[in-house]
Amino acid sequence: MHIDPDPERSLALAYAPDDGRRAALLALLALDAALADVVRTTTQPAIGQIRLAWWREQLAKLDHAPPPAMPVLTALAETVLPRGVTGAALAKVVEGWEVLIEEETLDRKALRRFGAERGGQLFALAAAILGGDVDRATMLGQGWALADLLHHVDESATAETAGALAREALATPLRRVARPLGMLALSARLDLARVAPGGSKRAARLAWFGLAGR
């Protein structure tokens with residue numbers, strides 16, 4: 001199983017306990033990356049909807065059938081479902097990605113739905129496994145998803161609205177949130193603040209959070 005080798009994402013994963021929970025978080029992030037790839041490579045909305053519907057169906061099936069021989073689905077079945085997360089709950093993450101294909105205009109309502117159903121749901125499921133404040137993690141996940149979307153939109157009004165909603169959600173305190181999720185949210189905050197990746201200021205801020213959790 002492979003996801004984008006982002007060094008800050010790798011750092012976040014390193015803070016997850018190596019007792020099976022790290023593998024579960026990796027599987028959740030790999031699911032998100034797979035769904036992102038569907039949207040990124042879709043040129044015809046109808047085809048994109050069919051591809052996402054396949055994912056939604058396969059995820060829901062995990063509750064009553066073995067997964068097909070596909071690394072992402074196998075990893076979810078082996079590491080996430082045994083920790084109390086259902087396939088039906090995983091399938092809800094697909095709904096966030098569907099927004100980007102189904103909606104002709106990404107207005108405030110559509111962007112809120114994307115943030116909640118992609119990032120909010122993903123972080124809530126991760127928090128159920130990792131521990132910590134689930135409500136805060138859910139809100140931070142919304143901001144994380146919207147901040148990530150900014151890297152992929154060209155329309156200025158959409159970017160402005162997404163940025164404002166991301167900042168609002170990411171203002172949620174990081175305290176009492178599972179360290180890996182807080183690290184991902186902090187990375188998104190630093191992106192919004194245009195703190196350069198790889199720089200000493202960013203590294204110091206991430207290191208402090210790693211130590212203090214705030």
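Biologist: Is Trp-54 buried, partly exposed or exposed?

Modeller: This is a predicted model, so every value here is computed from it. Relative accessible area decides the class: under 20% is buried, over 50% is exposed, and partly exposed lies in between. Trp-54 has a relative accessible area of 36%, so it is partly exposed.

Biologist: What is the relative accessible area of Trp-55?

Modeller: Trp-55 has 5%, so it is buried.

Biologist: How do the rings of Trp-54 and Trp-55 sit against each other?

Modeller: Read two values, the centre distance and the angle between the planes. Planes over 60 degrees apart count as edge-to-face. For Trp-54 and Trp-55 the centres are 5.4 Å apart and the planes stand at 90°, an edge-to-face pair.

Biologist: How many aromatic pairs does the structure hold?

Modeller: Three. Another of them joins Trp-97 and Phe-114. Their ring centres are 5.7 Å apart and their planes are at 80°, so this pair is edge-to-face.

Biologist: Which parts does the pair of Trp-97 and Phe-114 tie together?

Modeller: Trp-97 lies in helix H5 and Phe-114 in helix H6, so the pair links parts that are 17 residues apart in sequence. Trp-97 and Phe-114 are both buried.

Biologist: Now the fold. How many helices and strands does the protein chain have?

Modeller: The chain has 10 helices and zero strands.

Biologist: What does the C-alpha trace span along its principal axes?

Modeller: About 45 × 45 × 30 Å. Of the 214 residues, 47% count as buried.

Biologist: What does the surface look like in numbers, and where do the charges sit?

Modeller: The chain exposes about 10400 Å², and carbon and sulfur atoms supply 53% of that area. For charge, compare mean positions. Those of the 25 positive and 25 negative charges are 8 Å apart.

Biologist: Where does Thr-105 lie?

Modeller: Thr-105 is in the loop between helix H5 (87–102) and helix H6 (108–130). Its relative accessibility is 54%, so Thr-105 counts as exposed. Thr-105 and Thr-158 are 53 residues apart along the chain, and their C-alpha atoms are separated by 8.6 Å.

Biologist: And where is Thr-43?

Modeller: Thr-43 sits in the loop between helix H2 (21–40) and helix H3 (45–61). With a relative accessible area of 74%, Thr-43 is exposed. Its C-alpha atom is separated by 20 Å from that of Asp-148, 105 residues apart along the chain.

Biologist: What is the phi of Arg-176?

Modeller: Start with the general idea. Most residues other than glycine have a negative phi. Arg-176 is not a glycine, yet its phi is positive, about 70°. Arg-176 lies in the loop between helix H8 (156–170) and helix H9 (179–192). At 55% relative accessibility, Arg-176 counts as exposed.

Biologist: What about the phi of Arg-194, and where is this residue found?

Modeller: Phi of Arg-194 is near 60°, again a positive value in a residue other than glycine. Arg-194 is in the loop between H9 and helix H10 (200–212). Its relative accessible area is 79%, so Arg-194 is exposed.

Technical notes: Residues are numbered from 1 along each chain as its sequence is written. This is a predicted model: local features need pLDDT of at least 70, side-chain atom pairs count only at pLDDT 80 or more; totals for chains, interfaces and linings use all residues. Side-chain values use heavy atoms; hydrogens and water are left out. Helices (H or I, at least four residues) and strands (E, at least two) are DSSP runs, numbered from the N terminus. Buried means under 20% relative accessible area, exposed over 50%, partly exposed in between (1.4 Å probe, protein chains only). Accessible areas come from the Shrake-Rupley method with a 1.4 Å probe; for residues, only the protein chains shown count as cover. Lys and Arg count as positive and Asp and Glu as negative; His and the chain ends are not counted. The place of a charge is taken as NZ of Lys, CZ of Arg, CG of Asp or CD of Glu. Rings of Phe, Tyr and Trp (its six-membered ring) pair if their centres lie within 6.5 Å; planes under 30 degrees apart count as stacked, over 60 as edge-to-face and the rest as tilted.
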